[in-house]
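Here are a few exercises to work through with the coordinates open beside you. Try each task before you read its solution.

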Amino acid sequence: MLDYYRVAGPLIRLLPAEAAHNLSIAVMKTGLVPGQPRDDDPSLAISLWGRDFPNPVGLAAGYDKNAEIPDALLGQGFGFVEIGTVTPRPQPGNPKPRLTRLVEDRAVINRMGFNNQGAERVAGRLAARRRIGIVGANIGKNKTTEDAAADYEAGVRAFGLHADYLVINVSSPNTPGLRALQGKAPLAELVGRARAALLSLPAPRPPLLLKIAPDLTDEDKRDIAEVALESGLDGLIVTNTTIDRPAGLISPNRTETGGLSGPPLMEPATAVLRDMYRLTGGRLPLVGVGGITTGADAYRKIRAGASLVQLYTALIYHGTVQVTRIKRDLAALLRKDGFSHLSEAVGADVPEAR
Ligand SMILES: Cc1cc2nc3c(=O)[nH]c(=O)nc-3n(C[C@H](O)[C@H](O)[C@H](O)COP(=O)(O)O)c2cc1C
């Protein structure tokens with residue numbers, strides 16, 4: 001396994017975090033980054049929503065916000081790639097600096113605030129690509145929009161014909177008021193209007209997912225499960241970054257404002273995943289995200305109820321070669337526990353929901 005990141009990673013980390021991110025996108029755009037093997041173990045393939053995922057390891061939203069390099073990222077071995085968050089109108093996001101590494105914790109804190117080029121431009125890029133490989137679009141609201149649901153309707157209309165799945169993101173901590181949309185009444189209205197916008201598009205229509213925060217009360221989780229099952233949502237992405245600062249963080253940067261991601265998020269995000277699997281009775285496909293670095297982490301998410309997983313922060317510290325390692329180790333862990341296929345392990349640690 002060629003691990004160019006062992007050399008490049010420490011050099012890239014000499015740059016401020018957002019400059020490093022922009023550089024990595026520019027380098028990937030050149031097409032010169034060697035791809036990772038894509039001959040995935042057959043035990044890792046899974047079909048959901050009529051789509052065939054070659055493996056369950058996806059790239060989480062926020063890395064390729066503007067859909068500049070989804071195909072290059074699929075070439076790095078991801079089973080699927082999520083672009084966005086995209087808002088209807090372009091917006092600059094929060095003032096810089098807005099992305100900080102917590103090197104000692106292998107974590108980051110971001111307060112990007114949905115910087116993106118806007119739905120028209122980004123959807124145009126998806127429309128222009130050959131549709132090989134699964135690319136989902138994560139949609140959000142502009143900072144100044146009053147009628148939040150109208151922005152999600154616009155996002156659904158812009159991306160509905162060009163994305164393999166859609167994600168309603170109501171869980172980023174960096175847009176004022178956004179996470180309040182996870183409350184029962186606003187959520188039911190929002191999902192209802194987004195679904196109506198989707199149904200106004202010609203078939204075949206993509207599945208509609210909802211991405212939730214890790215910072216939820218038990219009542220919030222019950223309400224979200226109820227709305228998800230009643231409103232015809234097709235799945236949940238669990239979870240976004242946390243505004244909490246779990247005990248044990250050692251980096252002095254832990255006091256930065258924003259959403260924390262990486263290993264310190266693994267425990268809390270997996271606990272919410274397990275809760276949502278139980279509360280939805282295993283009837284909705286769940287995407288487990290938050291703190292995955294290793295194949296063992298991905299396996300824990302699957303056993304807690306995830307049919308797919310995603311990661312972002314691990315790439316900052318380990319590069320895309322980590323995707324290949326995760327897939328290899330995940331296939332070995334399934335075999336070791338006597339599962340011939342990933343789908344058999346989904347929710348294995350939540351027997352009350354199976
Ligand atoms: C710099 C950065 C930007 C992000 N931007 C978005 C975003 O625009 N939309 C979104 O839904 N999640 C966003 N996320 C959250 C990730 O998709 C993911 O849910 C979170 O980072 C936890 O996964 P991880 O621990 O593997 O990074 C962002 C995360 C980071 C680190």
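**Exercise 1. Find what covers the buried residues of α6, and on which side of the helix they lie.**

Step 1. The cover over the buried residues of α6 includes α5 (148-159), β8 (165-169), β9 (208-212) and α7 (218-231). Helices (H or I, at least four residues) and strands (E, at least two) are DSSP runs, numbered from the N terminus. This is a predicted model: local features need pLDDT of at least 70 and side-chain atom pairs count only at pLDDT 80 or more, while totals for chains, interfaces and linings use all residues. Residues are numbered from 1 along each chain as its sequence is written.

Step 2. List the buried residues of α6: Leu 187, Leu 190, Val 191, Ala 194 and Arg 195. A residue is buried if 20 or more other C-beta atoms, placed from the backbone, lie within 10 Å of its own, exposed if 12 or fewer, and partly exposed in between.

Step 3. These residues cover an arc of only 125° around the axis, so they sit on the same side of α6; the arc is that of the directions from the helix axis to the C-beta atoms. On the other side of α6, Ala 185 and Ala 196 are exposed.

**Exercise 2. Describe how α6 and α7 pack.**

Step 1. Two packed helices are described by the angle between their axes and the distance between the axes.

Step 2. For α6 and α7 the angle is about 25°, and the axes are 10 Å apart. Axes are lines fitted to C-alpha atoms, for helices over the stretch in contact, and angles run from 0 to 180 degrees between N-to-C directions.

Step 3. That makes α6 roughly parallel to α7 (angles under 35 degrees count as roughly parallel, over 145 as roughly antiparallel, 65 to 115 as roughly perpendicular and the rest as oblique).

Step 4. On the α6 side, the contact is made by Lys 184, Leu 187, Ala 188, Val 191, Gly 192 and Arg 195; α7 contributes Asp 223, Ile 224, Val 227 and Ser 231. Two residues are in contact if their C-beta atoms, placed from the backbone, lie within 7 Å.
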